[in-house]
Amino acid sequence: MNEEPIAIYERTLTKKEFVAGVAWLFRRMPYTVVVCLVAFLVWLYLLLDVLVFASSGDYPDGLWEMFLEITLLLLFVYALPYAAGLFRYRQMKMLESQDSRVQWVFFQNRMEKRQSGVPVQVLRYEDIRKVRYHKHLHFLSASHLVCVMLQEDGFIQGDFDTVCRCMEAQSGRKLRKK
């Protein structure tokens, strides 16, 4: 079966683009916010317990405590997603062959990740749950926390609008908001 692709994407995201994209996506996942908040509260509780014992039963000054809480909250909201982005980038680089050319090839009913022309991953359009867009990056979210990031200007054949119309036709639902 020799199908003609509707689009071909061939652009590798830089480390900065990848990490920023994962961090942005990470902060938009509802369970991530809950996990970060719970982790923050547990950590704050443990820290305050240590401070109580260290200061002979007196809690620290209210202004200092508020500053500490705000600092820790910002750490969990911004640093944790950034760290997750770095971790995912290292995973991606470890799994990719350094001497191969990576492409996403889009057909009428599926997309394939190819390394040196050999398909290594296939994702059916029915599995795509949502399409998001942020700062020239398209995020294709599928089941089981699979996400594909595509730079807007990385298509060497076809374009993202054509691909998205095929995805919506195959899945039978609207994937992106206008």
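Predicted model: local features only at pLDDT ≥ 70, side-chain atom pairs only at ≥ 80, totals over all residues.

Me: What makes β2 and β3 a pair?

Reply: Two strands pair if DSSP finds at least two bridges between them. Five bridges join β2 to β3, so they qualify, and they run antiparallel. One of the facing couples is V105 and E112.

Me: Why are β4 and β8 called edge strands?

Reply: The open sheet has five strands in the order β4-β3-β2-β1-β8, with antiparallel pairing. β4 and β8 each pair on one side only, which makes them the edges. On average, neighbouring strands of this sheet are turned by 25 degrees against each other, direction ignored.

Me: Why is E112 called buried?

Reply: Buried means under 20% relative accessible area. E112 comes in at 7%, so it counts as buried. E112 is found in β3 (residues 110–115), a strand that is mostly covered, with five of its six residues buried.

Me: What does E112 touch, leaving out residues up to four places away in sequence?

Reply: Q103, W104, V105, F107, P119, Q121 and V122.

Me: What makes the link between the side chains of E112 and R114 a polar contact?

Reply: The distance is part of it: the two side chains come to 2.8 Å, and the cut-off for a pair of N or O atoms is 3.5 Å, with one able to donate a hydrogen and the other to accept it.

Me: How do you know that F155 is buried?

Reply: F155 has a relative accessible area of 15%, and the limit is 20%, so F155 is buried as well. F155 lies in β8 (residues 155–157). Beyond four places in sequence, F155 touches A7, I8, Y9, F106, L150, F160 and V163.

Me: Which residues have the most contacts inside the largest nonpolar core?

Reply: F106, M111, L140, L150 and M167, in a core of 32 residues. Elements that each supply at least two of its residues include β1 (7–9), α1 (15–27), α3 (62–95), β2 (102–106) and α4 (160–171).

Me: What is F106 in contact with, leaving aside neighbours within four places in sequence?

Reply: P5, I6, A7, Y9, M111, Y125, L150, F155, V163 and M167.

Me: And for the protein, how many helices and strands are there?

Reply: Four helices and eight strands. From the N terminus on, they run β-α-α-α-β-β-β-β-β-β-β-α. Of the 178 residues, 38% count as buried. Among contacts with a separation of 6 or more, 56% are between residues 24 or more positions apart. The protein exposes about 11400 Å², and carbon and sulfur atoms supply 61% of that.

Terms used:
Residues numbered from 1 in each chain as written. Heavy atoms only, no water. Core = buried A, V, L, I, M, F, W, Y, C linked by side-chain atoms within 4.5 Å. Buried < 20%, exposed > 50% of the residue type's maximum accessible area, 1.4 Å probe, protein only. Contact = heavy atoms within 4.5 Å. Areas by Shrake-Rupley, 256 points an atom, 1.4 Å probe, with all protein chains shown as cover. Axes fitted to C-alpha atoms, helices over the stretch in contact; angles between N-to-C directions.
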